[in-house]
Amino acid sequence: MFYVYAATVESADIPITLQANETIDYKFLPYDKFCDFVQSVAFAASLWERFPAYQNALETYVKQVLKGATCKK
């Protein structure tokens, strides 16, 4: 199972505590860089293959929170 949580933060310089044996990494990314990352080989293949099916719903949500943000080029 995989979850992505979106948050807006003033700065990426905030303390993060990872859950041992559950979380291996985190990244703060601008939305366009997140889209690039999700569609790259650095991301789990089983998930990036499914990203296009959820991209429109995610875009709708993100546009409400992050005015004008988009993945679409």
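Accessible areas come from the Shrake-Rupley method with a 1.4 Å probe. In this predicted model, the accessible surface of the protein chain comes to about 6300 Å². Carbon and sulfur atoms account for 56% of that surface. Of the 73 residues in the chain, 16% count as buried.

The protein chain contains 3 helices and 0 strands. Read from the N terminus, the order of elements is α-α-α.

The largest nonpolar core comprises 8 residues: Y31, F34, C35, V38, F43, L47, F51 and V62. Helix α1, spanning residues 31-38, and helix α3 each contribute at least two members of this core. The largest share is that of α1, which provides 4 residues.

Helix α3 covers residues 51-65 and includes E59. The relative accessible area of E59 is 3%. Since buried residues are those under 20% relative accessible area, E59 is therefore classed as buried. The side chain of E59 forms a polar contact with the side chain of Y31, at 3.4 Å. Y31 is itself one of the residues of the largest nonpolar core. The buried residue E59 is thus linked by a side-chain polar contact to a member of that core.

Key:
Residues numbered from 1 in each chain as written. Predicted model: local features only at pLDDT ≥ 70, side-chain atom pairs only at ≥ 80, totals over all residues. Heavy atoms only, no water. Buried < 20%, exposed > 50% of the residue type's maximum accessible area, 1.4 Å probe, protein only. Polar contact = N/O pair within 3.5 Å; in protein donor to acceptor, adjacent residues only side chain to side chain. Core = buried A, V, L, I, M, F, W, Y, C linked by side-chain atoms within 4.5 Å.
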